[in-house]
Amino acid sequence: MWQPVVRSFRESFWSVLVSLIWLVILVTLLPNPALAQGEMVMDIRRYRERELSTGYYEEYEVKSARLVPIVSVPGVRRGLFPYSPTGAEVRIRTRLADSHRGIKFYKDLRCEYCHVNEKWNIHTVRGNLICRQCHGGEPIASINHYYSPMNPTRRHAYVCSKCHEGASASYASYVIHAPNPAMLSTKETFPVLFYVFWFMVALAVGTFAVFLPHTALWGLRELLMKKEKTEGES
Amino acid sequence: MSPKGKTRIRRFSPVQRLFHVLLILSFLTQGATGLSRMYIETSWGKGLASVFGGYESCLTIHKYVGIFMICWFLIHGLYLFFKIDWRQFPRSLFGPDSLLPRLEDLGQAIQHVAWMLGIDRLLRLDRWGFLKKLDDFLLRITRLPPLNRVSYLKEFDGLLSVITKPPRFDRWGYWEKFDYWAVFWGIPLLGVTGLIMAFPLVSTRFIPGWGLNVVFWIHRIEAVLAMCHVFIIHFFIAHLRRHSFPMDRAMFEGSVDLAAARHEKPAWIARLEQTGKLQSQLVAEISVGRKALLYVFGYAAVGFGIFLLIGGLVNSTSITW
């Protein structure tokens, strides 16, 4: 008759530990489970191959900063800062696979509840597009996440070309959610727009500052002028 | 004296008038189609757009008419090239019949403003009293010897004599030159930015895509500036001020009343009289029927422009984009 093996706690502990050690040894000895993919995604290996060969890279070879210990995040912080798997993700949402990860009651919120200013863009106001038609379904990847369709390396092909057939990467750099050009904050985020806008406003205001009083005075002077017109008096 | 019946003097050739009519039609079309898109959220904008077939067709018309404007602007450039008197070149460019701005225009503008403000009369009445006060002031603050003061006062008196003299305009007043050359900054600016936006896939091969954000605002502000200038300043000067009221027909009829020209452009008429060319430039008045037609066309354009201006101003707070 079968009798259950009753072991002491010490015996059980040691048997589990030995099993785990065997498992680790087994895993190390096994071949890489996705070697083919590894060839495609191993940044350092491909970098070295190209570096030794041509030194020129295609766009698809410009990889994410996944294995790079230091990254720079434009607009968030100047220069370089240490990248940690958790810290940066909490602070910056531009590189997440799910940019809305961890937001409470997210599924009950509408986009414009948080993205108040982003709602006012020509595609939404005039083109009748909704956010998801460009940003995609859940999970909405961060704009700079390597696999996001919104990533500048493929935005033109995956997003813009849906309507604007033949859109190039340059074309896709059009700023959909452009800031208000009159705002002082635009000087930091989009300086060319800010300065050009105010130059044009100054041109218009300058023209009217000269010609409106000029025209009004002229009209008034002629109105009050004596009816008799004399030679030499304009 | 003018020959019997010929009371008007030729001012614009038929080709120049054709250019102006084309400009009126294309400018108003561009203004209406552009504003109807800008104000599409308002009932005013919707109504305006419906005249042109709706929001989308407004853009189509805007693009084609814009290209048409660029074409005739280039043709006008060619016309100018052939119109230049090359035998007298470059002197012909700076003559009184040329529209090129001269330093004299600046002086006339100052004289004109002085006339508007009544400074000319004021200074003419009390010129010596004014100079005496200026002499006392100079003595008090500088302690200059009398001889130096006199020389300064002479300089100043020379300046005063220029200001107090009413301007004697020749063929083209400074405001007319400004209106003419404003088109030369407006159309290239609107045309280039318009072409960039009309063909974004091509243009973004040469400029970055964010350039479209920038050119949009250049186009919009320049268009608003051009419309406001034409609908307020140009219309008022050419049609509504006392001298031109009810309408300056020169650009439609090609001629102006000789007596009115003698009053507003005395140097032009005097020059023609001196050179004996005046008689050859005189023309007769057109028939009442043709005149009525010109009034209808001119006032339709003015009325439509003012409709766009008032509609735009009233609804300006409702612009969403």
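**Entry 1: A:Asn128**
I looked up A:Asn128 and found it exposed, because 8 other C-beta atoms lie within 10 Å (with C-beta atoms placed from the backbone, exposed is 12 or fewer other C-beta atoms within 10 Å of the residue's own, buried is 20 or more, and partly exposed is in between). Its phi is positive, about 55 degrees, although A:Asn128 is not a glycine. Most residues other than glycine have a negative phi. I placed A:Asn128 in the loop between helix H6 (122-125) and H7 of chain A; helices here are DSSP runs of H or I with at least four residues, strands are runs of E with at least two, and both are numbered from the N terminus.

A note to myself on the model: it is predicted, so I keep in mind that local features need pLDDT of at least 70 and side-chain atom pairs pLDDT 80 or more, while totals for chains, interfaces and linings use all residues. Residues are numbered from 1 along each chain as its sequence is written, and chains are lettered from A and ligands numbered from 1 in the order in which they are written.

**Entry 2: cis peptide bonds**
Most peptide bonds are trans. I found a cis one joining A:Glu138 and A:Pro139, with omega about -5 degrees. A:Pro139 sits in the loop between helix H7 (131-135) and helix H8 (155-158) of chain A. In chain B, a cis bond joins B:Phe245 and B:Pro246, with omega about 0 degrees. B:Pro246 is in the loop between H10 and helix H11 (250-253) of chain B.

**Entry 3: helix H10 of chain B**
I checked the length of H10(B), residues 210-240: its 31 residues should span 45 Å at 1.5 Å a residue, and the end C-alpha atoms are 43 Å apart, which agrees (the expected span is 1.5 Å times one less than the number of residues). H10(B) bends by about 35 degrees at B:His234, the bend being the angle between axes fitted to the seven residues ending there and the seven starting there.

**Entry 4: where the chains touch**
I see 35 residues of chain B in contact with 38 residues of chain A (contact: C-beta atoms, placed from the backbone, within 7 Å). Which helix gives the largest share of the side of chain B that touches chain A? H10(B) does, with 14 residues.

**Entry 5: helix H1 of chain B**
I read off buried residues in H1(B), among them B:Ile24, B:Phe27 and B:Met38. Their cover includes helix H2 (43-51), helix H3 (55-83), H10 and helix H15 (288-314) of chain B.

Technical notes:
Contact = placed C-beta atoms within 7 Å.
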